[in-house]
Amino acid sequence: MSLLFELPDRPTLPVTGSSDRFPVHRIFCVGQNYEAHSREMGVTTDRNAPIFFAKTPSAVCPSGETIPYPPGTENCHYEMEFVVAIGGHGFRVAPGDAQGMVLGYACGLDMTRRDLQHAAKDKGRPWDTAKDFENAAVLAAITPADTFGAVANQRIALSQNDEPRQDARLSEMVWSVPELLASLSTLYHLQPGDLLFTGTPAGVGPVAPGDHITGTIDGLEPISLQIGDAE
Ligand code: MN
């Protein structure tokens, strides 16, 4: 059997201190995981269960790239996020056992077509086109979990053209990383190569052609993105 055509290679991410790269299998994301961001979105965080959505690996964009302003939107937002890279298998994992699945952490940008997201929410329609599009999952290098240490009150921040926009602490997350992984593992058999974007703090906003976005989290490689003209 021969294939009708070849597909693009699976995206991979660099790992600090290693020449090996992390192949991306799936990209999971959580919404409304910082109270202050929920407030700015006009919603109350649902504490019954995390809100998960997903992006396809075709959305991956490496840090440092210049991307065209995304098509189909007039209100594309940055969302700075702490990303968990999964290196083990897990199904119905207890929160106390979830850390064993974590390979490392990275800075990520969950680029969002906010106008399409609002329209979808208003009409009870899926979020897919608002969240899952080309260059919508920007990712920096992964830092191994044992190098990073415990997830505590590390600072997470984003600047747009050197103006501070987002500034929070990982301790402000509503659902902790073990809680998120445990919950996600009730829905999926988690496996090496899966990524989890853990939500964005307050201060999200629109990008424009010419913008330079930079994000930092204490202990991780920084992330950057340049917005070019629309195609
Ligand atoms: Mn997000």
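Predicted model: local features only at pLDDT ≥ 70, side-chain atom pairs only at ≥ 80, totals over all residues.
1. Asp162 is found in the loop between β13 (155-160) and β14 (163-169), where helices (H or I, at least four residues) and strands (E, at least two) are DSSP runs, numbered from the N terminus. Although Asp162 is not a glycine, it has a positive phi of about 70 degrees. Its relative accessibility is 68%, and it therefore counts as exposed; by the definition used here, buried means under 20% relative accessible area, exposed over 50%, and partly exposed in between, with a 1.4 Å probe and protein chains only.

2. Residues are numbered from 1 along each chain as its sequence is written, and side-chain values use heavy atoms, with hydrogens and water left out.

3. Gln32 also has a positive phi, of about 55 degrees, although it is not a glycine. Gln32 sits in the loop between β3 (26-31) and α1 (35-40), and because its relative accessibility is 15%, it counts as buried.

4. Taken as a whole, the chain contains five helices and 18 strands. The radius of gyration of the chain is 17 Å, close to the 17 Å that the globule rule gives for 231 residues, so the chain is as compact as a globular protein of that length; this radius is taken over C-alpha atoms, and the rule is 2.2 Å times the number of residues to the power 0.38. Along the principal axes, the C-alpha atoms fill a box of roughly 50 × 40 × 35 Å.

5. Of the 231 residues in the chain, 49% are buried. Among contacts (heavy atoms within 4.5 Å) with a separation of 6 or more, 76% are between residues 24 or more positions apart. The chain exposes about 11,000 Å², of which carbon and sulfur atoms supply 50%; such areas come from the Shrake-Rupley method with a 1.4 Å probe, and for residues only the protein chains shown count as cover.

6. Strand β8 is joined by seven bridges to β9 (residues 102-110), and the two run antiparallel, with Ile86 standing opposite Val102 in β9. With β15 (residues 194-197), β8 pairs in the antiparallel sense over three bridges, and here Val84 stands opposite Leu196.

7. There is also an open sheet of three strands, in the order β10-β7-β16, with antiparallel pairing. Strands β10 (112-113) and β16 (205-206) stand at the edges, each with a single partner strand, so one side of each is left without a neighbour in the sheet. Two bridges join β7 (residues 76-78) to β16, and Tyr78 stands opposite Gly205 in β16.

8. Helix α5 (residues 177-184) has six of its eight residues buried, so it is largely enclosed by the rest of the structure. The buried residues are Val177, Leu180, Leu181, Ala182, Ser183 and Leu184, and they pack against β3, β4 (51-55), β8, β9 and β15.

9. Leaving aside neighbours within four places in sequence, Ala130 is in contact with Met111, Thr112, Arg113, Leu116 and Gln117. Between Ala130 and Ala119, which are eleven residues apart in sequence, the C-alpha to C-alpha distance is 9.3 Å.

10. Lys131 is likewise placed in helix α3, and because its relative accessibility is 3%, it counts as buried. Not counting residues up to four places away in sequence, Lys131 touches Phe53, Lys55, Glu79, Asp110, Met111, Thr112, Gln117 and Ala136.

Terms used:
Pairing = 2+ DSSP bridges.
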